[in-house]
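Try each task before reading its solution.

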Amino acid sequence: MDRWNGKVAIVTGASSGIGAATAQALVKAGMVVVGLARRVERVEELKNELDESLRGQLHAVKCDVKKEEDILEAFKLVNEKFGGVDVLVNNAGVTRRTTLLKAGNTDQLREVLDTNLMGLVLCSREAFQSMKKRSVDGHIVHINSILGHHLINYPGLNIYPASKYGVTAVTETMRQELRTEGTKIKVTSISPGVVRTEMLPEDIAKVTPALEAEDIANAVLYVLGTPPRVQVHELMIKPVGEMF
């Protein structure tokens, strides 16, 4: 991680769970971290969990990644205030308890797609533009899911797996585009199994082992710490004994 010391990272969905753990881990690794979140006050609260000497390295910016105008404004702020972004962790994601065939649920389905897929694509686009402008060999990390690779028989998943399958496809498409652009910017998909966060339904938590958010934050540190010649394209992580 030495190459990233003092560099700037953006973490989306930084208010809780994997995003919060990742933001703190990157600060402890020496990075300046901008945490994007709708609940921006919770990112501010994360500072109190850091050593006093590190609190100035974590910055909170209000951003709803469903809204392109929020994304553009957030990246503009980072470019102007911090000089640009070197690492992007696309963590923001939502689930909604419905079914594909339920009447009147269009807004719920669109929210999942707009957050989990379009928000990820637009944040990546803006990060790439910042990296390219400054000739930075940066790194874009997508927090994906095992549901982006295979389906499980669990009611209420609706369009969520499709959004994550989209992330899997986008990761490879992005790798090819980055190569075509002649850059050495890396892109990585990290696909966790069950993780103990606010998004984990209680019925699943009762029947299967779960990872902790810190386990995924450590995976982010691992992929960022690889040598420039190494690109971890896909990293799948499951808790020991997971039933899926």
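**Exercise 1.** Is cysteine 63 buried or exposed?

*Solution.* Start with the ground rules. This is a predicted model, in which local features need pLDDT of at least 70 and side-chain atom pairs count only at pLDDT 80 or more, while totals for chains, interfaces and linings use all residues. Residues are numbered from 1 along each chain as its sequence is written, and side-chain values use heavy atoms, leaving out hydrogens and water. Next, take the cut-offs: buried is under 20% relative accessible area, exposed over 50%, and partly exposed in between, with a 1.4 Å probe and protein chains only. Cysteine 63 has a relative accessible area of 3%, so this residue is buried.

**Exercise 2.** How many disulfides does the structure hold?

*Solution.* Look for a pair of cysteine sulfur atoms within 2.5 Å. The closest cysteine sulfur to that of cysteine 63 belongs to cysteine 123, and at 5.8 Å it is too far for a bond. Cysteine 123 is likewise in no disulfide, and with a relative accessible area of 0% this residue is buried. The count of disulfides is zero.

**Exercise 3.** Which helix gives the most to the lining of the largest cavity?

*Solution.* Helices are DSSP runs (H or I, at least four residues), numbered from the N terminus. Helix α4, residues 106-133, gives the most, with five residues. Among the lining residues are Thr115, Asn116 and Cys123. The volume of this cavity is about 40 Å³.

Terms used. On a 1 Å grid over the protein atoms alone, a cavity is a set of points where a 1.4 Å probe fits but cannot get out, and a pocket is an open set with protein on both sides within 12 Å along at least five of seven lines; lining residues have an atom within 4 Å of a point. Grid points are joined across faces, edges and corners, and a volume is the space filled by probe spheres set on the points. Helices (H or I, at least four residues) and strands (E, at least two) are DSSP runs, numbered from the N terminus.
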